[in-house]
Amino acid sequence: MAGQRRARMGRRRFIRLAGGTAAGAAVVGGGTFTAMATGVFESPTPDPFANMPRSIALSLPSGTGQSLPLPPLPDPLDGGTVSTPSAVTRIPYTGGTLDPTETDVPTSLPFEFNKAGYTMNPDLPEALRPWRNRPTAWANVNLSSGTYHLNADGVYMYYAKDGNVYDHPVGQIQFGLCCVTSYRVETDPTRKAHFLKRARAQADRLIAKRVETRGAWYFPYPFNFTHAEHSGIAYKAPWYSGMAQGEAISLFAQLAGLKDGLTDDERAIYRAAADGAFASLLRGDNAAPWVVNKNRAGYLWIQEYPFATPGTGDYTYNGMIFAMFGIWDYFQLTGNELAAQLYDGACTTIARYFSLVRNPRWFSYYCQTHRIPAHTYHHHHIALWQQMHWHTGSPVFANQLDLLIEDVPPAAVKTGASIAIAAGTHTLYQLSTKSDGNWDKTLADKILGTKKVTFARATGAPIDMRRRIQGAGVWYRISAGAYKGYWIGEAYPKAFLRGEHLPVDYIAPRTLTIAANASVEAISFGTNGSAGTLKKVSYSEPHTLQFDRRAVVNGRSMLRITSQELAGYWIAANQVTTDERGSV
């Protein structure tokens, strides 16, 4: 009887700690479970599963977790100041004619630059091609309010705070490209036609507002623009951006390449526009305007923000990659060998200078010139590097993508996500964050308080966030119960998010290498509380396996093996080297 009383008291104590019935009940040996607690486990034991049943540690719940999210397109004017040009400012618009004002159209590369042999994937599935992941919602096709919305002609315009209305080339191009994507997938004939109408309105506006010079087409910004944090970005209208030039190529090339909806004459107009925009990438920085240069080491750059002095600029990563999508699209349309060489050179640059965009275990840098950690752009970098891997099939960009995800993973988790918590003592943390749990520069994730909790057996907790904490590891935020709002550190098998999270599939098989005589764990996970199989493998010589997928599986970055001997097993990424570039 005494033992029964102690058991009942222990259970009551657990329910009180876990937040009562709202927190759920602990389960040992599998099955459903939710509860409360968390923090870094403080009493390691020789047996990693002594405090966490294998039925939990070696199994996955049914369904899939949060996939790699695609962030909304950034506003290029964010953080900057727009002002009205002088009354005497003249922008030399060419007008609607396609007759060139200059005949010296460039037919060769602007200069020699470094190339490493990158090529464009010729068999890329339609869904992975540039801009196919960004359809315009039907609700936005007639956008009529906000800082950016459509004018009476259906053209996407910038409505400044001072009451002026301006063309915004990148905004117009991106809206047009997203409408082309919607046109490709829409099945309703009326909506389909409207998406194409909107895409063409943007392209036609760009054609009408182009500036022809140096044998190329340029798309001017008609307002003054400065940026407080980025010295050198101090423009008087008209000014030009390599990002706009490259994205314009994408819009024109995609319209010219449509198989339906346009006449041959209309396609020819957009093909001519694509040719004119592409020519701007064949003009170097030896005259103005320019958007392309090479640095002292011989690497090609497409400058989103070229500075006044030739060869200088912000060296912005996302703007260059978005411009590279235009080269990719142009090559698919034309097979132009100069486009292939420019693309090779641009990929070579991005691969070479990845070490300067990366900021290990924190937000990557926006640009090379200022090296300011860009919390609003890091997840754009993740999305862009993923697309570069798709477009080239290169493991170089896949490996760099892995590092960016590890540094600061997207924080969102799937609704209903829960963590498993081992028996023992844990520390919970209160942090200084935004109200939604996200990082704030002024608050800096400062620790406000701690609480120790002890559980007699394995339990769990619902969470609403998994993210990198400034100066620390990856932590979870508890979303319900007595410890709602507290954080706990990720540490398999002590505290981990159940299931597969942030999966990344690779367009081409990748390789991992197990070092000679190293002992590595390979896991074939069971489902819904049924423990899977754990194997310890070791080889007398370095041993190479192929993998096709990476994900955070039960709180660890893991690789899914496709090689026959371990096909379907997962191996922790930090136990191996990938593509001969080291572990993460």
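Predicted model: local features only at pLDDT ≥ 70, side-chain atom pairs only at ≥ 80, totals over all residues.

Biologist: What does the protein chain contain overall?

Modeller: Its secondary structure comes to 11 helices and 26 strands. Of the 584 residues, 57% are buried. Among contacts with a separation of 6 or more, 70% are between residues 24 or more positions apart.

Biologist: Why is His149 called buried?

Modeller: The relative accessible area of His149 is 13%, and buried means under 20%, so the label applies. His149 is found in strand S3, residues 148-150. Beyond four places in sequence, the residues in contact with His149 are Leu143, Ser144, Val155, Tyr156, Met157 and Tyr159.

Biologist: How do you know that the side chain of His149 makes a polar contact with Gly146?

Modeller: The side chain of His149 reaches the backbone oxygen of Gly146 at 2.8 Å. The cut-off is 3.5 Å, so the distance passes.

Biologist: Why is Ala234 called exposed?

Modeller: Ala234 has 55% relative accessibility. Exposed means over 50%, so Ala234 qualifies. Ala234 lies in strand S9 and touches Phe225 and Thr226, leaving out residues up to four places away in sequence. Ala234 and Thr81 are 153 residues apart in sequence, while their C-alpha atoms are 9.5 Å apart.

Biologist: How do you know that S2 and S8 pair?

Modeller: Four bridges join S2 to strand S8 (residues 224-227). Pairing needs at least two bridges, so this count is enough. The two strands run antiparallel, and Ser83 stands opposite Asn224 in S8. The open sheet has the order S2-S8-S9, with strand S2 (80-83) and strand S9 (234-235) as edge strands, each pairing on one side only.

Biologist: What makes S22 and S26 edge strands?

Modeller: The open sheet of seven strands has the order S22-S20-S25-S24-S23-S19-S26, with antiparallel pairing. Strand S22 (533-537) and strand S26 (577-578) each have a single partner strand, so one side of each lacks a neighbour in the sheet.

Biologist: How do you know that S20 and S25 pair?

Modeller: Two bridges join strand S20 (residues 520-524) to strand S25 (residues 570-572). Ile523 has Trp570 in S25 as its bridge partner. Helix H11 (residues 395-407) packs on this sheet, touching strand S19 (500-514), strand S23 (543-553), strand S24 (556-561) and S26. The direction of H11 makes about 135° with that of S19.

Biologist: Which residues touch the most other members of the largest nonpolar core?

Modeller: Phe252 and Leu255 do, in a core of 122 residues. Helix H7 (residues 317-334) gives the largest share, 10 residues. A second, separate core of 34 residues includes Ala417, Ala422, Ile523 and Trp570.

Methods. Residues numbered from 1 in each chain as written. Heavy atoms only, no water. Contact = heavy atoms within 4.5 Å. Axes fitted to C-alpha atoms, helices over the stretch in contact; angles between N-to-C directions. Buried < 20%, exposed > 50% of the residue type's maximum accessible area, 1.4 Å probe, protein only. Polar contact = N/O pair within 3.5 Å; in protein donor to acceptor, adjacent residues only side chain to side chain. Core = buried A, V, L, I, M, F, W, Y, C linked by side-chain atoms within 4.5 Å.
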